[in-house]
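Welcome, and thank you for joining this tour. Please keep your viewer open and get ready to select residues as we go.

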Amino acid sequence: MNKKKSAALILALIVLVTMVILCVSMFSRSISESRLVMRNAQAKQAFWLAEAGANQVVYQLRSNFSVSPSTAYWVNSTLAQGDYSVQVSPITAQTRTLTAHGYVPSKSNFEEERVIVVSVKKYIPANFYDYAIYSSGNIDINGDAYSVEGKVIYATTYDVEHPGGVTGTVTNDPLINPLSRLDFEAVYAISDAQGNVYDADRIQDVRRGRDSFPTDFWYTRADDSLDNDADGITDESDEWVPNVVYVETDLQVTGSFGTIGGFYVVVGDVLTDPEDTADATVNGVGTIEGAVYTRGNFRVNGGGGRLNVNGGVWAGNEARLNGSADVAYNQDYMDAISGLSIGASAQITNWRDNQSLFPITP
Ligand SMILES: [Ca+2]
Ligand SMILES: [Ca+2]
Ligand SMILES: [Ca+2]
């Protein structure tokens with residue numbers, strides 16, 4: 001073997017060894033990458049499982065909020081893709097903390113676990129019926145042709161070009177977000193008994209002039225010399241009962257609509273879809289004798305004349321006034337609405353992802 005040949009052989013050997021090392025390292029890298037991808041997918045799956053568990057428990061809490069203060073309970077479920085397990089801890093009589101775990105592939109032998117901590121409340125704040133405008137989002141008032149008589153509260157932003165039109169105190173309280181969920185089934189029952197449920201068809205009929213909203217705030221009165229509730233006593237104080245108008249879609253009132261009255265609960269089809277929200281939009285000229293509750297946006301666009309809301313407004317997302325619109329607080333109406341003693345329904349107030357950092361090297 002001459003020197004030239006052996007040098008070539010050594011060189012070939014070096015190239016071969018280098019290529020083997022390269023191949024092995026690429027192979028192992030692709031294995032670890034695919035493991036990373038798999039673990040990432042498992043972590044997502046575990047998160048969704050935890051979320052599903054939290055949702056299930058929130059719906060259970062809507063029908064039964066009573067959890068013994070001394071014991072937490074667990075809801076366990078086995079799904080095809082893994083398990084979830086939710087611990088319910090009472091914080092106060094009206095609040096709960098859920099700790100939801102998602103496990104993949106199973107609780108007993110998991111490779112990934114994700115934890116979501118969810119706060120749930122079930123109450124109507126004591127000052128809920130005290131405001132002309134109660135917005136759990138923002139308040140946006142344009143122009144100077146408006147007036148707001150009464151107290152105002154908002155959770156996020158207050159954007160008012162000409163603040164002088166507001167005569168009551170203005171309070172910012174981020175804790176009023178999200179807007180308290182009324183017990184919508186109870187609201188529906190009262191409204192239905194009064195013949196005041198408006199679905200999408202009926203709202204269409206109102207728009208076409210074939211149907212109408214109540215024209216008075218009061219469903220029955222204590223000063224009409226009638227025994228409205230047929231209990232043998234005429235005109236006692238419990239005969240002050242508001243019209244409760246349950247609107248199963250967006251509420252849109254337009255044109256010269258005259259006077260409409262009642263406690264308008266605008267929530268879309270929230271009974272079948274708990275996450276649904278609906279908006280209330282009022283354009284034109286007229287008066288609302290009463291109050292409007294919407295989990296979405298409340299918008300008033302006052303036309304050439306004036307648009308009045310004599311009662312109060314709750315908005316889950318935004319309350320916006322444009323043009324010549326007046327909103328005035330009405331104590332008698334609010335007392336009557338509060339006197340219905342409508343309860344609250346359980347709702348999520350906030351949640352956080354308790355995930356530990358995803359490990360970089362599997
Ligand atoms: Ca009466
Ligand atoms: Ca009576
Ligand atoms: Ca009575």
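What you see is a predicted model, in which local features need pLDDT of at least 70, side-chain atom pairs count only at pLDDT 80 or more, and totals for chains, interfaces and linings use all residues. Residues are numbered from 1 along each chain as its sequence is written, while chains are lettered from A and ligands numbered from 1 in the order in which they are written.

**The whole protein**

Zoom out now. The protein has 4 helices and 20 strands. Its radius of gyration, taken over C-alpha atoms, is 30 Å, well over the 21 Å that the globule rule (2.2 Å times the number of residues to the power 0.38) gives for 362 residues, so the protein is more spread out than a compact globule. Along the principal axes, the C-alpha atoms fill a box of roughly 125 × 50 × 40 Å.

Next, colour two ranges. The domain assignment, which is an automatic or database one, gives domain 1 as 11-122 + 348-353 and domain 2 as 133-345. Taken over C-alpha atoms, the centres of domain 1 and domain 2 are 42 Å apart.

**Helix α2**

Select residues 184-193, which form helix α2. Which residues of α2 are buried? They are Val187, Ile190 and Ser191; buried means that 20 or more other C-beta atoms lie within 10 Å of a residue's own, exposed means 12 or fewer, and partly exposed is in between, with C-beta atoms placed from the backbone. These residues sit on the same side of α2, because they cover an arc of only 95 degrees around the axis (from the directions from the helix axis to the C-beta atoms). Turn to the other side of α2 to find Asp192 and Ala193, which are exposed.

What do the buried residues of α2 pack against? Show β11 (197-198), β14 (244-247) and β16 (256-266), and you have their packing partners. Step past the end of α2 to Gly195, whose phi is positive, near 70 degrees. Then step back to the loop between β10 (170-172) and α2, where Pro178 is found. A cis peptide bond joins Asn177 and Pro178, with omega about 0 degrees.

Keep β14 on screen. In a regular strand the side chains alternate between the two faces of the sheet. Here Val244 and Tyr246 point one way from β14, Val245 and Val247 point the other way, and all are buried. Strands pair when DSSP finds at least two bridges between them. β11 and β14 run parallel and are joined by 2 bridges; select Tyr198 to see its bridge partner Val247 in β14. β14 and β16 also run parallel, with 4 bridges, and Tyr246 stands opposite Val265 in β16.

**The cores**

Now select Ile133, Tyr264, Val265, Val266, Val292 and Val313. Of the 62 residues in the largest nonpolar core, these touch the most other members. Such a core is a set of buried Ala, Val, Leu, Ile, Met, Phe, Trp, Tyr and Cys residues joined through C-beta atoms within 7 Å. Strand β18 (residues 297-315) gives the most to this core, with 7 residues. A second, separate core has 19 residues, including Leu61, Val86, Tyr103 and Val104.

**Last stops in the loops**

Go to the loop between β12 (218-220) and β13 (241-242), where you will find Ser225. Ser225 has a positive phi of about 60 degrees although it is not a glycine, and it is exposed, with 8 other C-beta atoms within 10 Å. Ala230 lies in the loop between β12 and β13 too. Phi of Ala230 is near 50 degrees, a positive value in a residue other than glycine, and Ala230 is exposed, with 7 other C-beta atoms within 10 Å.

Finish at Arg208, in the loop between α3 (200-207) and β12. Draw a line from its C-alpha atom to that of Gly255: Arg208 and Gly255 are 47 residues apart along the chain, and their C-alpha atoms are separated by 12 Å.

Definitions and conventions:
Two residues are in contact if their C-beta atoms, placed from the backbone, lie within 7 Å.
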